[in-house]
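Please look over the chain below before reading the points that follow.

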Amino acid sequence: MNIQKFIELSGKMKTTPHCQYPRINSTFVAEHNFQVAFFALMYAPADYDLLQCLTMAITHNIQIPYSGHFTSEQWESGHQYKMEQMEIQRLSSSLGMIEPQEAFDAMHNPKTKEEKFIASLDHLPFFLLNHHKLRDGGWREMFLNEFRREGSKFTHKDALFIFEQPNLKEVAELIEKMGNAAKIWSQAFLVICLHMYRASIFDTNHRDLLDCLKLALIDPLTKNQLQRLNRPDLVSFYNEHFQKQTDDMQRVDGIQKLEMLINTKLSHSVVAVEELKQNFLMFGEATVPDRLMHRLISDFQ
C-alpha cells in the first residue's frame, strides 16, 4: 500500500469543493462521498449487495481533486471525461487498487441494480439533506423537474424511494451535525485500501471488509444518535462488536489511530506525529493489537 499517496489524496479530498451544485452546495469531495455512503448504508434494499454499494460510494470521485471542475460544455465535448479517466487510471495504479476505476466506470455506465442505485444516489445528498426543511417542498420539486426531464442521462428513479423513508429527517439532521464527515470518509477509504493490502498477507474475506466498513461509518456516533436512526439492526451490530472487542473493531480502532497520524502529518507537524505515534505504541500490542496496523503505525513517517 502506498501510504504517502493516500496521505496526499486524503488532504486533497478534504479540501477540494465538490463540483455538484456549486452555488448552493459547499461540501468538500470527502464529505460528499461520506454522505453517499451513509445514505447507502441506511437505505440500500435488503436484497442489494451492500458491500458493492458502500465500496462504490466511498471510492468514487477521487479523481476530482486532480482533474478539476468542469463546465457542461467540457463534459458534453468529452474533454472532461477523458481527463477524469486518465486521472482515475493513474490513481488506481499508484494506490495499488482497482476499486476507484471500477467505481468510475460504474458511475458512467451503471449496469447492476447496485451500480444504478449509487449512480442515482450520487446526485441526491443536497436534496435529501434539505428538502424536509422547506414547507412547500420547493427543493424536491426542483429536483424532480431537473432529473425527470425528457432526455436526461439518468432518471435517478433507482434512489427516489429514499424520499419516502419515515426516518429521513432524523438521518439528514444527523449527517448535517457531523463535523467529522471528511475524517470518517478517510477512515472508510483506508479500510478498503488496507483490506486489499491485507488480503495479500493475511487470511481475510469480504465479510470482514463489510463489517469494518459499517463500523467505520457508525463508530463515531453516540448511542443516542444510533438509536435515533431507527435501525435496531445497526445498534445490535455495533453493540456486539464493541462489547466483544472483535478483530474488526480492533482494526477500525487502529485505522482511527492511523487517520489521526495522517491528519497530523497534513498539518506539517513532524514533532507532533512522532509524539502521537509513540503514544499509540507505548504499550505495544495492547493498544494496537492488529499486526498490520501495528506495523503501519510503527513505520509511519
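1. The model is predicted, with local features needing pLDDT of at least 70 and side-chain atom pairs counting only at pLDDT 80 or more, while totals for chains, interfaces and linings use all residues. Residues are numbered from 1 along each chain as its sequence is written, and side-chain values use heavy atoms, leaving out hydrogens and water.

2. Leaving aside residues up to four places away in sequence, I118 touches V36, A40, C53, M56, A57 and M107; contact means heavy atoms within 4.5 Å.

3. The count of disulfides (pairs of cysteine sulfur atoms within 2.5 Å) is zero. C53 is buried at 0% relative accessible area, and C212 is buried at 7%. Buried means under 20% relative accessible area, exposed over 50% and partly exposed in between, with a 1.4 Å probe and protein chains only.

4. Helix α15 covers residues 232–244; helices are DSSP runs of H or I, at least four residues, numbered from the N terminus. Its 13 residues should span 18 Å at 1.5 Å a residue, and the end C-alpha atoms are 18 Å apart, in agreement. The expected span is 1.5 Å times one less than the number of residues.

5. Within α15, L234, V235, F237, Y238 and H241 are buried. The buried residues of α15 fall within an arc of 165° seen down the axis, so they line one face of the helix; the arc is that of the directions from the helix axis to the C-beta atoms. P232, Q243 and K244 are exposed on the face turned away from the buried side of α15.

Key:
Helices (H or I, at least four residues) and strands (E, at least two) are DSSP runs, numbered from the N terminus.
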